[in-house]
Amino acid sequence: MIKTEFTRLVGCDVPIQQSPMGKGTSTPSLASAVANAGGLGMLSLTGYSGEVIEKIVQDTYALTSKKVGANFLLYQPIDIETVEVAARLLDVVDFFWARPDKKLVDVAKKAGAIASWQVGSLEEALLAEEAGCDFITVQSIEAGGHVRGTIDIFTLLDQVIGAVNIPVLAGGGVGSGESLAAVLAAGAAGVRCGTRFLAAYETEAHPDYVETLIHANATDTVYTNKFSIGWPDAPHRVLRSSLESAMAFEGDYVGTSCDPITGEIRNIPKYAAVELHKGISGNISAMPHWAGQTVECIKKRQSVSEIIHEIIDDAQRAF
């Protein structure tokens with residue numbers, strides 16, 4: 001196994017953090033599978049009550065006894081008490097989509113969790129360290145989903161490594177063992193992988209979405225801000241085909257969504273920033289197919305264990 005500052009800090013076996021890709025896909029089944037395979041599994045807990053969070057965590061720990069963290073997205077107001085609940089129950093609390101906030105970091109650490117922040121620039125990296133984060137992820141423009149970074153992963157790592165004194169993970173542009181070896185050689189302490197896990201058997205991603213990912217290449221992704229309903233002013237990376245289908249769609253709503261935890265059903269407006277899980281129905285092709293440029297690493301459906309072992313084995317051979 002590959003040991004780094006990150007694995008020693010968190011207690012993982014491998015330097016891989018699963019990206020928290022949304023409540024419908026970063027579920028107990030996926031997070032526990034990543035944890036059982038030696039990585040840091042992540043649960044997406046934004047918007048849930050403390051009671052619901054406790055239930056999600058209970059379901060997760062029924063499947064694993066290893067390392068799991070929570071993610072909170074800050075594009076909307078956050079209930080501090082839910083951060084406290086998550087930090088009390090889980091190993092790591094991670095934040096994204098806002099300038100690093102010392103108050104949130106303090107809440108997480110006081111409740112007993114390791115605190116981290118995903119950032120998109122050197123400025124934000126410095127602010128995260130100043131706020132007290134134990135580690136950070138630097139997200140590059142190659143990443144899928146909502147994208148904080150504006151430059152490539154190696155340029156961003158070059159800017160940040162050495163400028164901060166905490167472990168740095170690479171987010172975006174890393175989906176293979178060779179790319180893991182490359183970012184570790186550049187000074188990263190690990191990677192944050194999202195797109196690669198979308199085709200795992202343990203994910204709850206919509207099967208039509210997964211099938212499209214399997215047949216996509218890096219050049220099939222596009223950086224846009226079109227899917228902005230519900231999350232405005234947030235650039236993101238999706239498959240070009242989904243953007244074209246949405247633009248061609250006539251009507252106000254493309255389908256409906258059933259929350260995988262609460263069962264709440266909502267209509268999905270055209271251009272909504274919705275995640276494509278199994279509780280989605282309607283015109284799937286016209287909804288955002290979030291995908292990073294590492295989508296070309298997806299060739300077939302695999303188990304999480306197979307994905308992680310493939311990445312680690314290939315990385316060890318690349319050193």
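This is a predicted model: local features need pLDDT of at least 70, side-chain atom pairs count only at pLDDT 80 or more; totals for chains, interfaces and linings use all residues.
Just after α6, Gly132 adopts a positive phi of about 105°.

With a relative accessible area of 0%, Thr137 is buried, and, leaving aside residues up to four places away in sequence, Thr137 touches Gln17, Trp117, Gln118, Val119, Leu169, Ala170, Gly171 and Arg192.

The aromatic residues give another view of the structure, which holds 8 aromatic pairs. In one of them, the rings of Phe227 and Tyr271 have their centres 5.9 Å apart and their planes at 65°, and because planes over 60 degrees apart count as edge-to-face, the pair is assigned to that class. Phe227 lies in the loop between β10 (221-224) and β11 (236-239), while Tyr271 lies in the loop between β13 (265-269) and β14 (280-282), so the pair ties together parts that are 44 residues apart in sequence. Both Phe227 and Tyr271 are buried.

Phe227 also pairs with Trp290: the centres of these two rings are 6.5 Å apart and their planes stand at 65°, so this pair, too, is edge-to-face. This pair links distant parts of the chain, since Phe227 is in the loop between β10 and β11 and Trp290 is in the loop between β14 and α11 (304-318), 63 residues apart. The relative accessibility of Phe227 is 0%, so Phe227 counts as buried; the value for Trp290 is 11%, and because the term buried applies under 20%, Trp290 counts as buried as well. Elsewhere, Tyr75, Phe96, Trp97 and Trp231 form one aromatic cluster.

Rolling a probe the size of a water molecule over the atoms shows where empty space is left. In this structure there are 2 cavities of 30 Å³ or more. The largest cavity has a volume of about 40 Å³, and its lining consists of Lys23, Ser26, Thr27, Pro28, Leu43, Ser44, Leu45, Tyr48, Ile56 and Ile261. Sorted by class, that lining comprises 6 nonpolar, 3 polar and 1 charged residues.

The second largest cavity holds about 30 Å³ of space, and the residues that line this cavity are Arg196, Ala199, Cys297, Ile298, Lys299, Lys300, Gln302 and Ile307. By class, the lining of the second largest cavity has 4 nonpolar, 1 polar and 3 charged residues.

The walk ends with Gln58, a residue of helix α3, which covers residues 50-61. Gln58 has a relative accessibility of 53%, and because exposed means over 50%, Gln58 counts as exposed.

Definitions and conventions. Residues are numbered from 1 along each chain as its sequence is written. Side-chain values use heavy atoms; hydrogens and water are left out. On a 1 Å grid over the protein atoms alone, a cavity is a set of points where a 1.4 Å probe fits but cannot get out, and a pocket is an open set with protein on both sides within 12 Å along at least five of seven lines; lining residues have an atom within 4 Å of a point. Grid points are joined across faces, edges and corners, and a volume is the space filled by probe spheres set on the points. Ala, Val, Leu, Ile, Met, Phe, Trp, Tyr, Cys and Pro count as nonpolar, Asp, Glu, Lys and Arg as charged, and the others, Gly among them, as polar. Helices (H or I, at least four residues) and strands (E, at least two) are DSSP runs, numbered from the N terminus. Buried means under 20% relative accessible area, exposed over 50%, partly exposed in between (1.4 Å probe, protein chains only). Contact means heavy atoms within 4.5 Å. Rings of Phe, Tyr and Trp (its six-membered ring) pair if their centres lie within 6.5 Å; planes under 30 degrees apart count as stacked, over 60 as edge-to-face and the rest as tilted.
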